[in-house]
2 protein chains.
Amino acid sequence: MASEDRRRRATVNDVAIEAGVSRGTVSRVLNGKRYVSSEARSAIDAAIAKVGFVPNGAARSLVMQRSQAVGLIVHEPSSLFIEDPNIGSILLGANEALSEADYQMACLIADSSRDITRLSNYLSGGLIDGVIIVSAREGDAITRAVSRLDLPTAFVGHPRDIGNAAYVAIDNQTAAHAITRRLAETGRRRIGMIASALDRDSGADRLAGFTAALGNDFDPALVESVPLYSYRDGQEGMRALLQRAPDIDGVFASSDAVAAGALEVLHLAGRRVPEDIGIVGFDDSSWAMRCDPPLSTVQQPATSLGRAAAEAVLRQIRGEEPLQNAQMLECPIVWRNSA
Amino acid sequence: MASEDRRRRATVNDVAIEAGVSRGTVSRVLNGKRYVSSEARSAIDAAIAKVGFVPNGAARSLVMQRSQAVGLIVHEPSSLFIEDPNIGSILLGANEALSEADYQMACLIADSSRDITRLSNYLSGGLIDGVIIVSAREGDAITRAVSRLDLPTAFVGHPRDIGNAAYVAIDNQTAAHAITRRLAETGRRRIGMIASALDRDSGADRLAGFTAALGNDFDPALVESVPLYSYRDGQEGMRALLQRAPDIDGVFASSDAVAAGALEVLHLAGRRVPEDIGIVGFDDSSWAMRCDPPLSTVQQPATSLGRAAAEAVLRQIRGEEPLQNAQMLECPIVWRNSA
């Protein structure tokens with residue numbers, strides 16, 4: 001498939017000559033316009049098949065102003081793109097909804113700042129018709145690039161600085177409050193938290209819910225902040241808490257992956273779960289059931305978040321009125337055996 | 001960001017008027033051509049900034065014949081896209097290499113047959129300059145679509161029917177042979193295999209290596225074939241083997257995820273690993289270290305596979321001679337505690 005071997009592509013001209021019609025007529029058919037006789041239409045269809053014409057997408061998207069593709073940007077360290085089943089489920093939900101509407105999802109990873117510059121060029125390139133943004137931070141360069149471009153956009157999550165852009169989210173603060181209360185009701189006295197991603201609305205809101213739920217019992221020494229919703233950061237956070245507060249008897253881990261890492265450290269330290277210490281997570285992702293014991297956690301509707309964000313973008317692409325600018329989805333508690 | 005709000009985009013014309021030059025001169029600068037005075041160039045740069053011009057990518061890619069994007073197609077049930085850390089590592093390796101070359105990777109999932117039709121349209125649309133194909137089967141509709149399009153392409157893996165297209169792979173047969181021999185040398189007498197994805201070159205080759213390694217000791221009743229390299233299929237395969245051959249004392253699981261599922265079933269059945277039964281996997285993915293006991297397995301260089309495939313596509317895009325059409329990477333055995 002070296003470039004020397006490449007044959008000349010058939011053009012609209014070739015089709016027009018073969019069909020015995022004008023180039024304009026071929027264009028009208030290709031672009032789905034009316035006012036073409038059915039005879040001309042059949043002749044053109046036959047000619048397209050005969051000369052092996054493939055519409056040039058760049059030319060086509062110039063005429064149609066459409067690429068029939070929607071980007072999904074994951075702004076995370078690329079390792080997390082793989083490790084976090086939650087991101088995976090958002091992605092699959094979006095892919096389903098886009099696929100049903102006959103749109104191609106193009107998943108784009110933004111990790112380094114170099115990635116972000118290149119991504120901005122890609123987004124401005126007319127190669128996609130809209131974009132779903134997962135896990136943006138406040139002050140995110142991608143948010144700025146997208147708002148400059150005025151591209152149909154929906155966020156999963158709700159960074160404070162996205163103006164009146166569409167978003168789909170859960171109420172992290174209320175959910176964190178509820179599961180912390182539930183943990184306290186099991187009789188725990190020294191409840192800590194492994195707080196992640198405080199630069200993200202989700203991370204900050206979960207900490208706020210935890211703090212509010214404990215009220216006067218809140219002890220800042222029992223909060224350990226780690227950068228990522230990751231297994232490894234869960235391990236580090238738990239080690240730090242055990243060292244600082246050996247009498248800790250309850251932990252709210254800010255995600256299931258974080259909880260899984262924390263559990264591993266508790267096992268190694270010889271602490272029995274839930275007898276000596278109760279632990280709860282957040283997400284109800286595939287981690288939750290693989291943990292031993294299975295996690296009590298908050299069920300995040302990740303697939304539905306992806307689907308709803310895709311639908312919001314599709315409505316904008318079609319020029320339809322948005323159903324509503326902000327959509328908040330339910331996230332019930334699922335109680336199992338880890339607390 | 002509703003479509004009514006959208007302001008008119010600045011055009012090449014606006015830039016030309018602002019800079020006091022012809023549209024042709026603006027085009028020459030935008031397309032990186034020479035023969036433009038440095039005064040004109042500075043005036044145009046200033047005008048672009050002033051009118052807020054963003055080059056239209058579709059128009060640009062029509063002129064340049066480039067989108068600066070490469071697709072990576074994963075032809076798998078979408079659930080596996082998330083579950084299989086191997087696919088994730090291939091993806092990250094490719095993303096790194098493309099990013100260094102300033103290409104945007106657009107990851108595309110092909111699950112349903114509807115996805116495949118839409119994907120063929122996308123690929124023919126000039127929206128990407130090349131494509132990396134992961135986990136294609138023989139007779140794959142995507143392989144057919146890509147070869148028709150004559151697009152720069154590299155496969156990860158080696159389906160038999162890809163003609164002389166570039167590919168990057170490991171020698172699955174030799175690796176499976178080696179780890180099966182190693183398992184036999186631990187003194188196992190009744191060695192079975194959970195064989196997955198026999199419609200894929202990797203799956204078929206791993207079974208061939210296993211069969212050859214056992215020679216006269218090969219017993220077809222000890223092979224259970226399952227569709228996917230997945231945890232769930234590993235559970236099902238192990239259940240079937242235990243039922244059919246309760247005296248089984250060694251298992252080659254065709255991937256680490258399959259081995260993890262098999263281990264779970266062995267634990268539940270009260271079989272001690274490695275005392276009662278030895279088990280080996282394939283991939284050395286993140287599953288391997290999370291298993292209890294950690295898996296003896298074949299180290300698949302997934303990141304390097306992704307990187308090498310990306311580099312092969314980039315060479316084709318640039319019209320450079322391929323280094324070699326087929327690249328085979330090393331995959332050593334990593335021996336831990338599961339056998």
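Analyst: Helices α11(A) and α12(A) cross in a right-handed sense, meaning that the near helix is turned clockwise from the far one by less than a right angle. The model is predicted: local features need pLDDT of at least 70, side-chain atom pairs count only at pLDDT 80 or more, and totals for chains, interfaces and linings use all residues. Residues are numbered from 1 along each chain as its sequence is written, chains are lettered from A and ligands numbered from 1 in written order, and side-chain values use heavy atoms, without hydrogens and water.

User: At what angle do the axes of α11(A) and α12(A) cross?

Analyst: The axes of α11 (residues 231–244) and α12 (residues 256–268) of chain A cross at roughly 50° and come within 6 Å.

User: Which residues of α11(A) meet α12(A)?

Analyst: They are A:Tyr231, A:Gly234, A:Gln235, A:Met238, A:Arg239 and A:Leu242, where contact means heavy atoms within 4.5 Å.

User: Turning to α1(A), which of its residues are buried?

Analyst: In α1 (residues 12–19) of chain A, they are A:Val12, A:Val15, A:Ala16 and A:Ala19; buried means under 20% relative accessible area with a 1.4 Å probe, protein chains only. Seen down the axis of α1(A), its buried residues fall within an arc of 100°, so they line one face of the helix.

Notes. Buried < 20%, exposed > 50% of the residue type's maximum accessible area, 1.4 Å probe, protein only. Helix = DSSP H or I, 4+ residues; strand = E, 2+ residues; numbered from the N terminus. Arc of directions from axis to C-beta. Axes fitted to C-alpha atoms, helices over the stretch in contact; angles between N-to-C directions.
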